[in-house]
Amino acid sequence: MGEKILLAHGSGSRLSHDLISKVLAPSIMNPVLARMDDSAVLSMSGKLAFTTDSYVVNPIFFPGGDIGRLAVCGTVNDLSMSGARPLYISLALIIEEGLDIDDLRQVMASVKDTAVEAGVQIVTGDTKVVDHGKADRLFINTSGIGLIEYGTDISGSNARPGDKIILSGGIGEHGMAVMSQREGLHLSLPVTSDCAPLNHLVSVMLSVSKNIHSLRDPTRGGLASTLNEFAKQSDVGITIEEDKIPVCDGVRGACELLGLDPLYIANEGKLVATVTEVDSGKVLSAMKKNKYARQAVVIGEVTTEHRGRVVMKTSIGSSRIVDMPVGEILPRIC
Amino acid sequence: MKFIDEFRDPGLSRRLADKIAQISTRPARLMEFCGGHTVAIMRNGIRQLLPPHIEMLSGPGCPVCVTANRDIDRAIALSQVPGLIITTFGDMLKVPGSYSSLQQARAAGGDIRIVYSTQDALQAARVNPDRLVVFLGVGFETTAPTVASAVLQAEREKIDNFYILCHLKMTPPAMRALLELGETHLNGIICPGHVSTIIGTKPYQAYARDYGVACVVAGFEPVDILQAVEMLVQQIEDGIARVDIAYTRGVRPEGNIRAQDLMNDVFDTTDACWRGIGDISKSGLSLKNKYSRYDAARRFEVELPPVREHAGCRCGEILRGVIRPVDCGLFGKACTPENPVGPCMVSSEGSCAAYYQYGAHDG
């Protein structure tokens, strides 16, 4: 049996120091963190974006990622969706007594790889250990700071009639990957989480257009929630076409099987943007060059009709309202 | 995706809708019995493709919705028995009973777990040999064979900590009860697809014969449903009533004999209480005496509070097709999916939830 996390690992004792210096810190070390002071001291100037999120995904390892990659991507993406360039991230771990230290190592390796990929530094952190049964293996909180470099004001309340709605790729992959792993569904077409940092994609988009009005990553509640949020925050109507929305066969099959609607299933590596019609072409072609947005596509547009509502043209040529999801669709997917 | 896309074909759907408009000359009231059909109709916007004089009513074919308050109360009471694990399909969790819901009972400490099949419930019993595991058997003829199979499997494997709280119901007696009430003056029924896969079409013959109602068994994709409507309208226009199958890839007239045998082996028919309709003779399934050791209702004595119905809730009339969800004063106001008053707003197959979710807020 491998080495396990003990309560003493969180007690501030020599064991804690060993855990930090041998398992946690080495992979993510940088000059700010290396000072090992009570807080990170950063020099920045300009308009800042600041965000925080906690991650309780179950299971902590799933096809296409793990809680470490998710924790970095989630915060990087939240900053990116405000048009900020993510720079610094905090990492707080709440560990259940008994977790395999090898699992922790693997999560930290993912944290490191994802931070390197996104180009962010982890500058401060915390570790707590709680009694067996008081947490579920590992919970992570990350907060992040980013710099707004482009002059654009990007917000869910800025969608304007006439804007095109661009989706960066296939929906439902993260939620379905976690779900199938947790429930042991053994799908014949396995689904892999799309969990990815989108800051480079956003940066390319912002460099080609100053007319991106809204950006959001459709995480919990899926595409349907994000579009409803845009419609309500901006007091506009949104029309989308069912046939335009990419859904991979694995997600479609699993949704058919479970009676779920892909529109409501979470994503962790997708974004939705509203862009002026004039700029939509160049934004779309810039996006398609990024590996996380090869399938980017215009799925609909913002209108002055049916304000506050999302209407979808169905495959068979009728239409229906796409409402906010209700209650928990799939619990603990992030 | 193969075998699905063909049945969502826009061109074919359009042609069927045109054909219906062309052949339909008189008003027709059609009921889709099954909640799965209601959802498919709303989700695909099928009503908008039909001529206005064809009225589509939703029926009582949502097992969660027709489960009576007292049966939900019993499940809630069981969940508070120390040491018990309650396993249930997720839809049951939020359904309000007389005073509370399983969701609230879980927050109050009940060990209530969502499962996706009866086999998952049986597995919970296998891996928790020191606990007693109860499966909430709520469903129609589609669920019943899986419950029967789990009981037989428990018997074979000598699993002695597995119980069924049996509220399984059968659709034909309910359909007959509706026709007998005569409130809705139906011209045609879209008969359930999956249920018919199990029971076949014989039970429907009597509706066509005794009540002059056209019957067509339908699948769940837009083309399936439009084809069924077209066949119903054709019968109505021709002045005939018989049972047709528009879902030949899923349903044979004799049904699934093996599943029927399983059910006959494990269950007796019994009277059951349906929300909105009341007690219907021989419309429920109970475990046969030889399997009574798996019967949670016999094994665990619980005290039940007096049954209470929710003031203003018109789920009963909605389930009978007498009114549409939008005709209920609570719909979308006091009763929403977030704060459901009645079960039709909770279940994923409930007609109120389907109307609400897919945008028939204004009727």
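Two residues are in contact here if their C-beta atoms, placed from the backbone, lie within 7 Å. The model is predicted, and the contacts described below are computed from it.

By that criterion, 17 residues of chain A are in contact with 22 residues of chain B. On the chain A side, two elements give two or more residues each: helix H8 (249-258) and strand E13 (319-321). H8(A) gives the most, with four residues. Sorted by class, the side of chain A that touches chain B has eight polar, six charged and three nonpolar residues.

Within chain A, the domain assignment gives domain 1 (7-148) and domain 2 (164-321). The C-alpha centres of these two domains of chain A lie 27 Å apart. Their contact takes 22 residues from domain 1 of chain A and 23 residues from domain 2 of chain A. On the domain 1 side, helix H3 (67-80), strand E4 (84-96) and helix H4 (101-118) of chain A each supply at least two residues. H3(A) gives the most to that side, with eight residues. The side of domain 1 of chain A that touches domain 2 divides into 11 nonpolar, eight polar and three charged residues.

Next comes a pair of helices in chain A. Two packed helices are described by the angle between their axes and the distance between the axes. For helix H6 (residues 199-208) and helix H9 (residues 277-288) of chain A, the angle is about 150° and the axes are 9 Å apart. Angles over 145 degrees count as roughly antiparallel, so H6(A) is roughly antiparallel to H9(A). The crossing of H6(A) and H9(A) is right-handed. From H6(A), the residues that take part are Leu201(A), Val204(A), Met205(A) and Val208(A); from H9(A), they are Lys282(A), Val283(A), Ala286(A) and Met287(A). This contact of H6(A) with H9(A) comprises seven nonpolar residues, one charged residue and no polar ones.

Gly193(B) is found in helix H9 (residues 193-199) of that chain. Is Gly193(B) buried or exposed, and why? Gly193(B) counts as buried because it has 25 C-beta neighbours inside 10 Å, and the cut-off for a buried residue is 20 or more. Not counting residues up to four places away in sequence, Gly193(B) touches Cys34(B), Val217(B), Ala218(B), Gly219(B), Phe220(B), Tyr247(B), Gly250(B) and Val251(B). One of these residues is Phe220(B); the C-alpha atoms of Gly193(B) and Phe220(B) are separated by 7.2 Å, with the two residues 27 apart along the chain.

Methods. Residues are numbered from 1 along each chain as its sequence is written. Chains are lettered from A and ligands numbered from 1 in the order in which they are written. This is a predicted model: local features need pLDDT of at least 70, side-chain atom pairs count only at pLDDT 80 or more; totals for chains, interfaces and linings use all residues. Ala, Val, Leu, Ile, Met, Phe, Trp, Tyr, Cys and Pro count as nonpolar, Asp, Glu, Lys and Arg as charged, and the others, Gly among them, as polar. Axes are lines fitted to C-alpha atoms, for helices over the stretch in contact, and angles run from 0 to 180 degrees between N-to-C directions. Angles under 35 degrees count as roughly parallel, over 145 as roughly antiparallel, 65 to 115 as roughly perpendicular and the rest as oblique. A crossing is left-handed if the near helix is turned anticlockwise from the far one by less than a right angle, and right-handed if clockwise. Domain bounds come from an automatic or database domain assignment. A residue is buried if 20 or more other C-beta atoms lie within 10 Å of its own, exposed if 12 or fewer, and partly exposed in between; C-beta atoms are placed from the backbone.
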